[in-house]
Amino acid sequence: MSGGTLNWTVAPGGMPSGSVRVPGDKSISHRSVMLGSLADGITEVTGFLDGEDCLCTMKAFQAMGVRIERVTDTSLRVHGVGLHGLKGPAHDLDLGNSGTSMRLMSGLLAAQRFPTTLIGDASLSRRPMRRVIDPLARMGARIDSNDGKAPLRLHPVDGGLTAIDHVSKVASAQVKSCILLAGLYANGTTSVTEPETSRDHTERMLRAFGVEVMSSEGRAAVRGGQRLVGTSIPVPADISSAAFFLLAAAIVPGSDLLLRDVGINPTRTGVIDILRAMGASIGIENPRTFGGEPVADLRVRGQGLRGIAVDPALVASAIDEFPAIFIAAACADGETRVTGAEELRVKESDRIQTMVDGLTALGIEAIGTSDGARIRGGRIGTGQIDSHGDHRVAMSFAMAALRADGPIGILDCANVNTSFPGFARLAATIGVEVSA
Ligand code: S3P
């Protein structure tokens, strides 16, 4: 995977303006390869995210006998092998930094007639997997782990999986999707209920492949044995990558930025609601749909922000955007409080700790709590922060330089390529100068 150390220095100041198209949605790109592989017939994917995480998923399916042509860097032709057409891989499947690959694939691989071993990098090997191992075990899966963590060794099950009704303690699309994908192979209807509705890309994309999925607020269900039919998947720009550019314009009064083709699935738009509650001006223009997913252009104009108590009901729909929201809070007048976000502690890094440490190093008053943080807006100083290999932390602090007194040094940035290849180049087009 990324390996090696890459450190950045980001020059202070700038006034973001212009028009930007960030790369494709990571969640949708992963699912396009997975479902395209399990479908009968060809699936054409455009706007695919050619970041390392999604390439791990692609290579894993290639290792299981799926022919995937890279027509361009961002267009794939997936020659689906059908629900029962995967072949046992000759080696362990290395999923790098990607929690989505590991959790979703453990669901569909638990149902195969061959064994697989899923491995990942140091960060992925620290992340909790019991949240998928336990419900899969209730379905009859046989999974060995390293005390609830990767490597995961999945054994074939005689007689197949049994449908379950799973009640998840966390709102997690990875858990929900894992169980639904296993449910495609189970006899009966498998359902997942969660405390808040997590992103619903799996449900939407299964429907695009012709599968009937029942869903309502906080619940989704699928009947096993349904066939997937190859289709076309146009991938919207990733709102989680757009978030760094929303942040950039929102924290610099006078800036004016257009973000094109951004996915605005309502299970993902918490960052827009939270930044607006802080006083940001974000317009939604030209709304349309891309293969069952709502898309629009977002226009952000910079003006003063104020601190808020973030509504905990918005946490699930903004879960990946808190590093950016923490920087917005550092640039706002007054205090911002985040609660109900304990999941941030088990992301690619402990995002509460990593962000609080970084903000503190730059002279911002920030206190971490078990489920969030309190951040008082202030002057961002010059200094160095450690991203701990967390892509979203690195990109958030890069944008913070727009409001800093001097350069910001950011350690351990190679993993930005997991979700946002070309970030530094695109940031330069809006006047954020990142040098390695
Ligand atoms: C994702 C779900 C979220 C998110 C991750 C992508 C997905 O994880 O943080 O970046 O594609 O299903 P959780 O399910 O752990 O909340």
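Predicted model: local features only at pLDDT ≥ 70, side-chain atom pairs only at ≥ 80, totals over all residues.
**Briefing: a mixed sheet and a helix pair**

In strand S9, Leu154 is the bridge partner of Ile143.

- Strand S9, which covers residues 152-155, pairs with S8 in the antiparallel sense, and three bridges connect the two strands.
- These strands belong to an open sheet of four strands, whose order is S6-S7-S9-S8 and whose pairing is mixed.
- The edges of the sheet are formed by strand S6 (93-94) and strand S8 (142-144), each of which pairs on one side only.
- Helix H3, made up of residues 99-109, lies across S6, S9 and strand S7 (116-119), and the helix runs at about 175 degrees to S7.

**Helices H10 and H11**

- Helix H10 (residues 351-361) packs with helix H11 (residues 391-400) at an angle of about 25 degrees, and their axes are 11 Å apart.
- Because angles under 35 degrees count as roughly parallel, H10 and H11 are described as roughly parallel to each other.
- The crossing in which H10 passes H11 is right-handed.
- On the H10 side the contact is made by Arg351, Thr354, Met355, Gly358 and Leu359, while H11 contributes His391, Arg392, Val393 and Phe397.
- Sorted by class, the residues in this contact of H10 with H11 are four nonpolar, three polar and two charged.

Terms used:
Residues numbered from 1 in each chain as written. Heavy atoms only, no water. Pairing = 2+ DSSP bridges. Contact = heavy atoms within 4.5 Å. Axes fitted to C-alpha atoms, helices over the stretch in contact; angles between N-to-C directions. Parallel < 35°, antiparallel > 145°, perpendicular 65-115°, else oblique. Left-handed = near helix turned anticlockwise from the far one by under 90°. Nonpolar A, V, L, I, M, F, W, Y, C, P; charged D, E, K, R; others polar.
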